[in-house]
Amino acid sequence: MNEHNVIRVEALSKTYDSGFQALKDIDLDIRHGEIFALLGPNGAGKTTLISVICGLVNASSGRVRVAGHDNVVDYRQARRLIGLVPQELTSEAFSTVWDTVSFSRGLFGKPKDPAHIERVLTSLSLWDKRRNRLITLSGGMKRRVLIAKALAHEPEILFLDEPTAGVDVELRRDMWEVVRGLRERGVTIILTTHYIEEAEEMADRIGVIRAGELVLVEEKRELMRKLGRKQLTLQLREPLERLPDSLDASRLTLADDGQALIYTYDARTNGDDDPSGIAELLAELDAAGIHFKDLHTRQSSLEEIFVNLVREAP
Amino acid sequence: MNLESVKTLYVAEMSRSLRTVLQSIISPVISTSLYFVVFGAAIGTRISEVAGVSYGAFIVPGLIMLMLLTQSVSNASFGIFFPRFSGSIYEILSAPVSYFEVVLGFVGAAATKSVILGLIVLGTASLFVPFSIAHPLVMLLFLVLTALTFSLLGFIIGIWADGFEKLQLVPLLVITPLTFLGGTFYSIDMLPPFWQAVTLANPVVYLVSGFRWSFYGMGDVSIWASLGVIGLFLASSLAVVSWIFRSGYRLKP
Ligand SMILES: Nc1ncnc2c1ncn2[C@@H]1O[C@H](COP(=O)(O)OP(=O)(O)OP(=O)(O)O)[C@@H](O)[C@H]1O
Ligand SMILES: [Mg+2]
């Protein structure tokens, strides 16, 4: 077992009985203690992937290991480590918050521990509601209950399938607070989301899934570096046929039949006076006798990277 | 064996019944009492003894069986159907429990409830007619085996059903007719020979007969045949349940 990879997904495929292939040959390693965000449009296969790992859906081929345990053969050892917060709000309508959370702990084979249940409920602001029946709770409160249920057996790996869908700002903040606390205790967290800012804010690594294929897995910092890239476009007075030799061709490209000059720079570079190099560029252009009539800058966002990835024809 | 998990499932199922204690206990008691009033007291007084016991006493074992079968099937089928219906079954499927443990929790709770109900109905019956129990241990054995077997059957129905209609279809179209035609209210000796032969294909006949034997030391078929049929039933239900879990039928896509 590789100590750093708490979950290993190897060549995993899933074809539903309908004949629809929801997962195509997925390979993915989740590292111990990280927050991994799985991004993808509706129907990409995020829930299916999570469901196979957690044992709710049978894989068609491939295998999953959780802390070295095969999730089919050694399902007990594998599942003991996992807590799952499903995408859909589901609940035993008539039981109370306290009972349903205690039930989850017992179901996972852990001895009673009211102090732990109390901690979990308090951290999710559910303590006041512990005697309420689930049917009387609002949607956001039910979502908290599902999170509490998943945490009741002190899992080492937590799956959150779209935890912030239909959730207000306050709960979102609460939830991230809880997630950060868990992470500090060494819990590995895998979450799916449609909100890129959320992945940006929380995740250590980001995976993008499209039509059942994992098209990208990268450190968030690496993606942020791409995000930090900016472009300056200069509309030239006179079209250029080629770049003058005096200019740095590695950061400049001609576009629009030579009518535009595009300069790519890193907005985060920590220079002193001229971090972007724009002032220098403009001086060089002036020296080369190149004049422009207009200019604008734009930032290539993670959103853009994401949308491009997702739109690309399979 | 993960006893903590089994206990949790069992207790949760039992307390679910406690929440609906009125529906769970009062209604079978009332309906059984009505049977006694109508069949035992009103009609029974006009019927002379059947096989050596008063008609009122004769129908006691059959009525308990009738209640046991319908309650076992409906309890167990609702028990597993609801989490499937509401989606909360995800938790059970993702828990570190074996299928056997899940069945033990759900079916164990349903069967326990049925046995308790059976004893309550027995007590209710004793208020209406005097009767004796010749073989109390055999009686208990039958009670438990039948409750277990039909709770398993209910569990299977609860997994097979994809809507409330189907959930009620089997009890309504299969269990109730078979029970009514299973010698609850009559001895099959009373039927013409042809119908006697047909009736012997009805498994409920063996259950009622064996159960009646434990009360009065006599039945329509031998006690061994009764035990054989219930054993066969139990074994095939277990086989179906284990197939369901191995294949993931209706539980895992
Ligand atoms: N039980 C099923 N039978 C057949 N097809 C299914 C089943 N469950 C999911 N699918 C299909 O598999 C594909 C992936 O579904 P999945 O729920 O994994 O997507 P997702 O990425 O979680 O989407 P969303 O963002 O909407 O939650 C979808 O096209 C869906 O229609
Ligand atoms: Mg989903």
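Predicted model: local features only at pLDDT ≥ 70, side-chain atom pairs only at ≥ 80, totals over all residues.
## Basis of the model

Local features require pLDDT of at least 70 and side-chain atom pairs count only at pLDDT 80 or more, while totals for chains, interfaces and linings use all residues; side-chain values use heavy atoms, with hydrogens and water left out. Residues are numbered from 1 along each chain as its sequence is written, and chains are lettered from A and ligands numbered from 1 in the order in which they are written.

## Chain A

Chain A contains 10 helices and 14 strands, where helices (H or I, at least four residues) and strands (E, at least two) are DSSP runs numbered from the N terminus. Of its 314 residues, 46% are buried; buried denotes under 20% relative accessible area, exposed over 50%, and partly exposed the range in between (1.4 Å probe, protein chains only).

Contacts (heavy atoms within 4.5 Å) were examined between residues at least 6 apart in sequence, and 69% of these in chain A join residues at least 24 apart. The accessible surface of chain A is about 15,600 Å², with 46% supplied by carbon and sulfur atoms; such areas come from the Shrake-Rupley method with a 1.4 Å probe, and for residues only the protein chains shown count as cover.

## Interface between chains A and B

The size of an interface is often given as the accessible area lost when the parts come together. Here, chain A and chain B bury about 2,400 Å² between them, 55% of it on carbon and sulfur atoms; buried area is the accessible area (1.4 Å probe) that two parts lose on being put together, summed over both. In chain A, the residues losing the most area to chain B are L56(A), R76(A) and L107(A), together 25% of what that side buries. The contact involves 29 residues of chain A and 25 residues of chain B.

Across this interface, 12 residue pairs are in polar contact, both residues being at pLDDT 80 or more. A polar contact is a pair of N or O atoms within 3.5 Å; within protein, one must be able to donate a hydrogen and the other to accept it, and residues adjacent in sequence count only if both atoms are side-chain atoms. On the chain A side, α2 (75-80), α3 (97-107) and α5 (139-151) each supply at least two residues that touch chain B.

## Salt bridges across the interface

A salt bridge places a side-chain nitrogen of Lys or Arg within 4 Å of a carboxyl oxygen of Asp or Glu. The whole structure has 16 salt bridges over all chains, and two are counted between chain A and chain B. K149(A) pairs with E91(B) at 2.9 Å, N to O.

R76(A) and E101(B) form a salt bridge with their closest N and O atoms 2.8 Å apart. This pair runs from E101(B) in helix α5 (residues 99-128) of chain B to R76(A) in helix α2 of chain A. E101(B) is buried at 1% relative accessible area, whereas R76(A) is partly exposed at 21%.

## Salt bridges within chains

In chain A, D174(A) and R144(A) meet in a salt bridge of 3.2 Å, N to O. The pair links helix α6 (residues 169-184), which holds D174(A), to helix α5, which holds R144(A), 30 residues apart. R144(A) is buried, with a relative accessible area of 8%.

In chain B, R250(B) and D162(B) form a salt bridge of 3.7 Å, N to O. R250(B) lies in the segment after α10 (223-247) and D162(B) in the loop between α6 (136-160) and α7 (164-180), so the pair ties together parts that are 88 residues apart in sequence. R250(B) is partly exposed at 35% relative accessibility, and D162(B) is exposed at 52%. Salt bridges with shared partners join D162(B), K166(B) and R250(B) into one network.
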